[in-house]
Amino acid sequence: MLKGLFRGDGSLVHYPQRHNSKMTWATVSRTLFEQVLIQLHAKGIVPSIHSKPKRKTIIRGREVSCREAFYLEIGDYKKLQKLQGWFSSTLLMWSRVYIV
């Protein structure tokens, strides 16, 4: 389940100038967010978490209401090692994330 969530709504970013990488995932469902946190904790992974409050913004000239969003980030190398199979090896090589 977690692999699918991260592949669908997650991202893997590499920062070459800082020599590190980060995996991020977001949702507007507080319940799903809490369930994912429980599953990650069960794997020994404690991500950084934050949220963005609901707000109104303009997209292509139209006012849009955005719901509260919940984010988690995994940037520790040892934590990313535990998740090495979640993204394809091609993507990992492209982003210069070498997790062996």
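Predicted model: local features only at pLDDT ≥ 70, side-chain atom pairs only at ≥ 80, totals over all residues.
The chain exposes about 6900 Å², and carbon and sulfur atoms supply 53% of that area (areas come from the Shrake-Rupley method with a 1.4 Å probe; for residues, only the protein chains shown count as cover). Of the 100 residues of the chain, 30% count as buried, where buried means under 20% relative accessible area, with a 1.4 Å probe and protein chains only.

Residues are numbered from 1 along each chain as its sequence is written, and side-chain values use heavy atoms, leaving out hydrogens and water. The mean pLDDT (the predictor's confidence in each residue, from 0 to 100) is 81 for the chain, with 84% of its residues at 70 or more. Over residues 90-100, pLDDT stays under 50.

Four helices and six strands make up the elements of the chain (DSSP runs, numbered from the N terminus: helices are H or I of at least four residues, strands E of at least two). Their order from the N terminus is α-β-β-α-β-β-β-β-α-α.

Three aromatic pairs turn up in a search of the whole structure; rings of Phe, Tyr and Trp (its six-membered ring) pair if their centres lie within 6.5 Å, and planes under 30 degrees apart count as stacked, over 60 as edge-to-face and the rest as tilted. W25 and F33 form a stacked pair, 6.5 Å centre to centre with 0° between the planes. Both W25 and F33 are buried. Ring pairs join W25 and F33 with F6 and F70 in a cluster.

Terms used: Contact = heavy atoms within 4.5 Å. Buried < 20%, exposed > 50% of the residue type's maximum accessible area, 1.4 Å probe, protein only.
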